[in-house]
Each structure stands twice: as C-alpha cells, then as structure tokens.
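Subject: Structure for your review

Dear colleague,

Please find the structure below, together with its sequence. My findings follow, and I would be grateful if you read them with the model open.

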Amino acid sequence: MSKEFDKPSKKARALKADKAEPLPQSPAAEAADGTVPTKGGLRVSPASGSRQAPRINIGIDDEDRAAIAEGLSRVLADTYTLYLTTHNFHWNVTGPHFNSLHAMFMQQYTELWTSTDVIAERIRALGHYAPGSYAEFSRIATVPDVPLEPPRATEMVRILVQGHETVSRIAREFIPVAEEAGDDPTADMLTARCTVHDQTAWMLRSLLED
Ligand SMILES: [Fe+2]
C-alpha cells in the first residue's frame with residue numbers, strides 16, 4: 001500500500017505558527033482523485049498554559065504533542081465539514097427514497113457531531129487549542145464544502161462515500177504518529193474513527209451498487 005501522506009518529520013513537528021506556509025488553494029480538488037494532499041504549514045494553536053497552571057507533563061514531548069494536535073485538527077475540520085454536509089443532505093434530499101435517506105443521514109450526522117467533541121477535547125488534553133471556526137475549518141479541511149445547489153439523492157450518497165473515505169485516510173495516516181509518540185489514547189480514538197468511517201462508507205456505497 002502506498003503511503004499517501006508523509007508522516008511529519010522531526011523538523012515538521014517543530015512547526016511554528018508564525019512560520020506557516022500558504023496552504024494549497026484548492027485542497028478539495030486534490031482530494032477528488034483519492035489522494036490525501038500534504039498540508040505542510042498547518043497552523044497549530046499555541047499550547048495553552050499560564051503562570052498559575054503547571055506546564056503539561058503527560059510523558060509526550062512538545063514536538064510530538066504538536067504533531068498529534070496537527071493531525072487531530074485536520075481530522076476535526078474534516079469531520080465537522082462532513083457533519084455539515086450530511087445534515088444539509090438530511091434537509092434537502094428528495095426523491096422516492098426520501099424517507100430512508102432522510103433517516104439514515106440523521107443517524108450519520110448525529111454520530112459525526114458527537115465525535116467532533118471527542119476529537120476537539122483530545123486536542124485540548126494534549127495542550128493545544130482546538131480549531132472551531134468556519135474560517136479555520138475551511139482552511140485546513142480536505143473534504144470539500146457542501147454543494148451550494150442540492151444534488152440528486154444518488155449524488156449525495158456518492159459525495160458522502162468520498163467524504164467518509166477521505167476522513168478515514170487522514171485519520172489512518174496519523175495513527176502511527178500517535179503510536180510512535182506513545183499516545184495510545186489518540187491512536188485508539190483514531191482507530192475507532194476509522195472503523196466508523198469505513199463502515200459508513202461501505203453502507204453508503206452499497207446503496208449505489210446493483
Ligand atoms: Fe431533522
């Protein structure tokens with residue numbers, strides 16, 4: 001299996017917010033061919049802390065925590081974008097399969113919404129701030145934004161298949177980063193996310209198969 005995303009090097013892990021390089025203008029276009037674009041220069045919020053609070057000391061060094069927070073931030077941005085897309089489709093789906101798709105999309109967006117809280121709070125537990133604005137999400141997400149014009153039901157399903165597969169690939173690429181740093185909680189969480197996204201992609205894909 002080819003490596004689609006280069007694991008952040010030690011140098012990349014030392015990324016500083018003020019040295020961030022411009023991101024690709026159209027990450028969604030790169031994602032369309034099934035690859036995960038490298039997003040060098042992703043800005044990671046500075047570690048939180050104050051004179052009153054002791055420095056974080058959980059056995060994972062600063063560089064590794066920054067690298068993991070970067071990966072989790074990408075997974076969060078893509079999960080949130082996929083959540084919004086799924087909720088939009090829940091509202092706007094039409095056609096003879098309205099009832100089943102309307103209900104299925106609700107189940108899926110609820111799961112995605114719930115997961116964003118878990119991912120964001122893991123970023124906080126690692127001592128970094130979680131991204132949580134439309135501007136930041138659109139800047140770092142790989143999953144494309146929701147189509148302005150609601151597509152036909154089958155196209156909605158196809159878009160969601162690709163979205164779940166994209167989030168799964170990105171999450172999977174960062175599992176070794178967490179494992180290498182001894183961050184089993186993050187590795188376990190990302191593994192669980194891959195399980196959900198792979199299964200959801202399978203169920204959605206099955207709707208399109210003869
Ligand atoms: Fe609803």
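At what angle do the axes of α3 and α6 cross, and within what distance do they come? The two axes cross at roughly 165 degrees and come within 10 Å. Because an angle over 145 degrees counts as roughly antiparallel, α3 and α6 are roughly antiparallel to each other. Their crossing is left-handed. On the α3 side, the residues in contact include Ile68, Gly71, Val75, Thr79, Leu82, Thr85 and Phe89. On the α6 side, they include Met156, Ile159, Gly163, Val167, Ile170 and Phe174. By class, the residues of this contact divide into 14 nonpolar, seven polar and two charged.

Please note that this is a predicted model. The overall composition is as follows. The chain holds seven helices and zero strands, and from the N terminus on its elements run α-α-α-α-α-α-α. Of its 210 residues, 36% count as buried. Among contacts between residues at least 6 apart in sequence, 78% join residues at least 24 apart.

Glycine 163 deserves a separate paragraph. This residue lies in helix α6. Is glycine 163 buried or exposed? Glycine 163 is buried, because 26 other C-beta atoms lie within 10 Å and the cut-off for a buried residue is 20 or more. Leaving aside neighbours within four places in sequence, glycine 163 is in contact with Leu82, Thr85 and Val143. Threonine 79 is 84 residues away from glycine 163 in sequence, yet the C-alpha to C-alpha separation of the pair is 8.7 Å.

As a general matter, nonpolar side chains in soluble globular proteins tend to be buried together. In this model, the largest nonpolar core has 40 residues, of which Ile68, Leu72, Val75, Leu76 and Met156 touch the most other members. Two or more residues of this core come from each of α3 (62-92), α4 (98-125), α5 (134-140), α6 (153-180) and α7 (184-208). The element that gives the most is α3, with twelve residues. Methionine 156, not counting residues up to four places away in sequence, touches Phe89, Val93 and Pro151.

Two further helix pairs involve α7.

Which residues meet here? From α4 they are Gln108, Glu111, Ser115, Val118 and Arg122, and from α7 they are Thr186, Met189, Arg193, Val196 and Thr200. By class, this contact has three nonpolar, four polar and three charged residues.

With kind regards

Key:
Residues are numbered from 1 along each chain as its sequence is written. This is a predicted model: local features need pLDDT of at least 70, side-chain atom pairs count only at pLDDT 80 or more; totals for chains, interfaces and linings use all residues. A nonpolar core is a set of buried Ala, Val, Leu, Ile, Met, Phe, Trp, Tyr and Cys residues joined through C-beta atoms within 7 Å. A residue is buried if 20 or more other C-beta atoms lie within 10 Å of its own, exposed if 12 or fewer, and partly exposed in between; C-beta atoms are placed from the backbone. Helices (H or I, at least four residues) and strands (E, at least two) are DSSP runs, numbered from the N terminus. Two residues are in contact if their C-beta atoms, placed from the backbone, lie within 7 Å. Axes are lines fitted to C-alpha atoms, for helices over the stretch in contact, and angles run from 0 to 180 degrees between N-to-C directions. Angles under 35 degrees count as roughly parallel, over 145 as roughly antiparallel, 65 to 115 as roughly perpendicular and the rest as oblique. A crossing is left-handed if the near helix is turned anticlockwise from the far one by less than a right angle, and right-handed if clockwise. Ala, Val, Leu, Ile, Met, Phe, Trp, Tyr, Cys and Pro count as nonpolar, Asp, Glu, Lys and Arg as charged, and the others, Gly among them, as polar.
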